Amino acid sequence: MRKVALITGITGQDGSYLSKLLLEKGFHVVGVTRSYTTANVKNLSYLGIQEDVEIAECDLFDIVGIIHLLRKYKPAHIYNLAAQSSVSLSFDQPIGTIKYNIESVLNLLEAIRLSDPTIRFYQASSSEMYGAVNSLPVSLSTHLNPVSPYAVSKASAFMLTNNYRNAYQLFAVNGILFNHESYLRTENFFVKKVITQCLQIRQGKKEQLGVGNIDIKRDFGYAPDYVEAMFLAMNHDSPGNYLVCSGKSISLREIVLHVFSRLGIDPERLVIDPSLYRPSEIEDLYGDNTDTRSILQWNYAKDFTGVLDLLIEEELANS
Ligand code: NAP
């Protein structure tokens, strides 16, 4: 019988790529969504796997609903990817972000502890929780110093996951993900916004690209490769924390200029809009992936400008 993997946030970017990978690995994939009626399965259908996954509705605020889900599907692994995942939106919706991103994780961990502590659990943690760091690259011993409501929520969920591993001996993994992009990203994220709006400029449908502070730097990678690290961490002998990153940062300005040059757009079309600045910002962030690559045998060597070229190509093929 096929092992069951349950994925929360299956309709998102990572949930869709992870589903594809787990199907290839022979798992029966059950995907959790907040609501059947509003669930947007276009990512799953884009990857051609909509019919291969089973979709279940569950409100992660409802621990009884989660326990029913665990009894019904008996998952071997749970990947928790559901979250209010936007840093910018978290400044407008701090309470919703904090409530959802922490309580959903606590409920999942408690449900596992109470119903079947042998279930393996993966938490999608975020590099944002390191925030204003004193030194780079980020390592597992870097102090947490979150500077947004999103980052605070992810720091708490990270600590809960560590606590359930240490106190209750659950197989609980934190994959600490740095920014990772793909064609499946939504347009409220920077890289996707830049590519789609530049295409609109090229097609004469838009005049300018408006951006906020583009002198900040981040460690960007490619989503289909990052979900492989999730799988490897969950199938390792023991649970742990892993930095999933490329190992170097690139400024948002370099990203914009690369996309402009690939699409032949005049740099004059770039407009800095101070209303898009965030209330607090991290200047530079990149991580050290040496341990993740050696412990998990994860191979990642992509340069982000090469990833941008892949994304532009896929966007053009679908426009
Ligand atoms: P995503 O595309 O935004 O998908 C997240 C999914 O979570 C949504 O499809 C949604 O599915 C579900 N969800 C549940 N509650 C939500 C809420 N209150 N608001 C919005 N969506 C909610 O995220 P992703 O890029 O795949 O990221 C997966 C996980 O990795 C997230 O936890 C994210 O915080 C974390 N992460 C991502 C990155 C990155 O660069 N992508 C970096 C660090 C960490 P339904 O509507 O079907 O329920």
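# Exercises on a predicted structure

Phe-304 is found in helix α11 (residues 304-317), where helices (H or I, at least four residues) and strands (E, at least two) are DSSP runs, numbered from the N terminus. The model is predicted, so local features need pLDDT of at least 70 and side-chain atom pairs count only at pLDDT 80 or more, while totals for chains, interfaces and linings use all residues. Residues are numbered from 1 along each chain as its sequence is written, and side-chain values use heavy atoms, with hydrogens and water left out.

## Exercise 1: Phe-304

Is Phe-304 buried or exposed, and which residues does Phe-304 touch, not counting residues up to four places away in sequence?

Step 1. The relative accessibility of Phe-304 is 6%, so this residue counts as buried; the term means under 20% relative accessible area, whereas exposed means over 50% and partly exposed lies in between (1.4 Å probe, protein chains only).

Step 2. With residues up to four places away in sequence set aside, Phe-304 touches Glu-181, Val-191, Phe-220, Gly-221, Ile-250 and Ile-255, a contact being heavy atoms within 4.5 Å.

Step 3. For Met-234, which is 70 residues from Phe-304 along the chain, the separation of the two C-alpha atoms is 26 Å.

## Exercise 2: Thr-196

Which backbone oxygen does the side chain of Thr-196 reach at 2.8 Å?

Step 1. Thr-196 is part of helix α7 (residues 190-202), and its relative accessibility of 7% is why it counts as buried.

Step 2. The side chain of Thr-196 reaches the backbone oxygen of Lys-192 at 2.8 Å, and a polar atom of that side chain lies 3.3 Å from the backbone oxygen of Lys-193. For a polar contact, a pair of N or O atoms must be within 3.5 Å; within protein, one must be able to donate a hydrogen and the other to accept it, and residues adjacent in sequence count only if both atoms are side-chain atoms.

Step 3. Beyond its neighbours within four places in sequence, Thr-196 is in contact with Glu-187 and Glu-315.

## Exercise 3: Strand β1

How many residues of β1 are buried, and which residues point each way from the strand?

Step 1. Five of the five residues of β1 are buried, so this strand is largely enclosed by the rest of the structure.

Step 2. In a regular strand the side chains alternate between the two faces of the sheet. In β1, Val-4, Leu-6 and Thr-8 point one way, Ala-5 and Ile-7 point the other way, and all are buried.

Step 3. On the pairing side, β1 runs parallel to strand β2 (residues 28-33) and is joined to it by five bridges, two strands counting as paired if DSSP finds at least two bridges between them. The β2 partner of Ala-5 is Val-29.

Step 4. β1 also pairs with β4 in the parallel sense, over four bridges, and here the partner of Ala-5 is His-77.

Step 5. Together with helix α1 (residues 13-24), β1 and β2 form a right-handed β-α-β unit; this handedness means that, with the strands pointing away from the viewer, the path from the first strand over the helix to the second runs clockwise.

## Exercise 4: Helix α5

What span should the 22 residues of helix α5 have at 1.5 Å a residue, and what covers its buried residues?

Step 1. The expected span of a helix is 1.5 Å times one less than its number of residues. For α5 (residues 94-115) this should be 32 Å, and the end C-alpha atoms are 31 Å apart, which agrees.

Step 2. The buried residues of α5 include Tyr-100, Asn-101, Leu-108 and Ile-112, and the cover over its buried residues includes β1, α3 (63-73), β4 (77-80), α4 (87-92), β5 (120-126) and α6.

## Exercise 5: Backbone geometry

Which residue follows α6 with a positive phi, and which peptide bond is cis, with omega near 0°?

Step 1. Most residues other than glycine have a negative phi, and most peptide bonds are trans.

Step 2. α6 is followed by Gln-169, with a positive phi near 60°; Gln-169 has a relative accessible area of 60%, and so is exposed.

Step 3. The peptide bond from Leu-136 to Pro-137 is cis, with omega near 0°, and Pro-137 lies in the loop between β5 and α6.
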